[in-house]
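Please look over the sequence and the model below before reading on. The paragraphs after them are meant to be read with both in view.

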Amino acid sequence: MKKLALSLSVSLLSVAALAQSNDVVVRERLMGAAFLDNQSYALLEEMTNLYGGRITGSESNEKSMQLLERALDEHGIQNHREAFTFPGWERREDSATLTHPLQRKLRSIAMGYVDQHPPFEAELIYIGKGSADEIPSNSQGKIALLAANVKLSQDSIQAFATDNGITGLLLTNRKNGGQLLARTANYSGDASPIPIYSVTEEEGRWLKRLTESGEKPRVALSTSSIVKDIDCDNLVATIPGKISKKIVIGAHFDSWDLGQGALDNGLGIAQAFDVTRLIQSINPNNHYTIETVWFNAEEFGLFGSYAYMERHKDDKIVAMINLDMVGNPIGANAMGFDSLIPALETFSKDLGGFALPKPVANAPWLGSDHMPFIIQGIPSMTLNAPIQAEAVGFYHDFADTFEKVDREVLSKSIGIISVLAHQLANDQNLDIPRLNQEQTIELLKKAILDEKMKTAKIWPFGTE
Ligand SMILES: [Zn+2]
């Protein structure tokens, strides 16, 4: 009997050792293939060359998704679309024009959710950051110029209109060089109460000087863009596991329209594609099912990931990895989920020469597709992975273009994310209940995100 127990434990040990050495082989193959068999760089080049930016609801978005579907099909990766409708916005011909002391069309863009209106012209005043003491008493009926870095919300914009009678806003861009960072006026999908345009840092400074010169500059605004419901799809690829409980790898598919969305989030599209392809070809049999999701309508307010979560709220999701503008990985972030820390520490150690130099962080942040998962108490993680400094600042600008993608860094990130996904997909310690609502609220409060979420009108838990 003793002998049997001994030989049983020896064989169990050797099974474990075998599994471990197999893991090493899989990691080596994933990392090697990420460099020597990168296919996503060419895919992203084709996508950005042919279709440009992928704003949700556009033909470019649809054609880009078809291209990705064909690539998945070619590699025999199961995939399907999941349709949803969201309160969207379509950019049309808009203009902000200086009409006095000279006639000059400004380099500007309407912010998302600025709705069409009859053209009008008014005097321009400067209101700095927009605090009460910066707004002159004669602001009624005027267009106001804001300094850079003013945080706007639907409520604050409404207050400018109702409390001060301001009829339009120009927001100075925070970076110079003629940049225009596209973004929405709010994250609730509501039409902005008054038109808001983003102007370049240089023209913002010039307009400010004009308001100080006694010239009483005048500006005309004309907006044809419209707020409207938009039908679109998330794209989901599946590698079935031994069980249906799953790991979700998410990356937003949409981008802004001015540039090509190469960094934001062409990188994530590419990484999610190659990671899925490499795991499917090198190690398709994992414990958990791997579901890779390309979310649409992230830039308008995470509508795709909320739609996915709504549809899959009863699915058993053991962990979520969000890939949004992932450059060169230097650390992992457990986003407040203590249960992820051991797995992320093991992951970094097992990368050997690629071990992430920073310790595992544990700080959730707002504004990307992990949020709907966190709200459901699902352990979610991101990577601290900077994009080269000279390129990252262009992320919503005209200049978010393909040549800024560094192929070698992309390959390295794909290797690292593949190793992470493979490890998570086989880590049975992750099979624990998700956080309940009370614990989730605690997690968000600990990170001091609750007040921010309430201000942005995205706090989902009601008032306590
Ligand atoms: Zn993004």
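The text below goes through the pocket, the cavities, the backbone geometry and the surface in turn.

This is a predicted model, in which local features need pLDDT of at least 70 and side-chain atom pairs count only at pLDDT 80 or more, while totals for chains, interfaces and linings use all residues. Residues are numbered from 1 along each chain as its sequence is written, and side-chain values use heavy atoms, with hydrogens and water left out.

The second largest pocket holds about 620 Å³ of space; a pocket here is an open set of points on a 1 Å grid over the protein atoms alone, with protein on both sides within 12 Å along at least five of seven lines, and a lining residue has an atom within 4 Å of a point. Grid points are joined across faces, edges and corners, and a volume is the space filled by probe spheres set on the points. This pocket is lined by 22 residues, of which D23, T346, Q423, N426 and D427 are the closest to its centre. Helix α1 gives the largest share of that lining, 6 residues, and α1, α8 (341–350) and α11 (407–424) each supply at least two; helices (H or I, at least four residues) and strands (E, at least two) are DSSP runs numbered from the N terminus. By class, the pocket lining has 8 nonpolar, 9 polar and 5 charged residues, where Ala, Val, Leu, Ile, Met, Phe, Trp, Tyr, Cys and Pro count as nonpolar, Asp, Glu, Lys and Arg as charged, and the others, Gly among them, as polar.

A cavity is a set of grid points where a 1.4 Å probe fits but cannot get out, and a search of the whole structure finds 2 cavities of 30 Å³ or more. The largest cavity has a volume of about 60 Å³, and α6 (262–282) and α11 are the elements that give two or more residues to its lining. Among the residues lining this largest cavity are L263, L267, V409 and L410, and the lining divides into 6 nonpolar, 4 polar and 2 charged residues. The second largest cavity has about 30 Å³ of space, and its lining, which includes W256, D264, Y395 and H396, has 3 nonpolar, 4 polar and 4 charged residues.

D264 lies in helix α6 and counts as buried because its relative accessibility is 4%; buried means under 20% relative accessible area, exposed over 50%, and partly exposed in between, with a 1.4 Å probe and protein chains only. The peptide bond from D264 to N265 is cis, with omega near 5 degrees, and N265 lies in helix α6. Another cis peptide bond runs from H100 to P101, with omega near 10 degrees, and P101 lies in the loop between β2 (94–100) and β3 (104–105).

Positive phi values at residues other than glycine are a further point to check. K216, in the loop between α5 (201–212) and β9 (218–223), has a positive phi of about 50 degrees, and K216 counts as exposed because its relative accessibility is 53%. M335, in the loop between β14 (331–333) and α8, has a positive phi of about 55 degrees, whereas its relative accessibility of 0% is why M335 counts as buried.

At the surface, D314 is placed in the loop between α7 (303–311) and β13 (317–322), and D314 counts as exposed because its relative accessibility is 67%.
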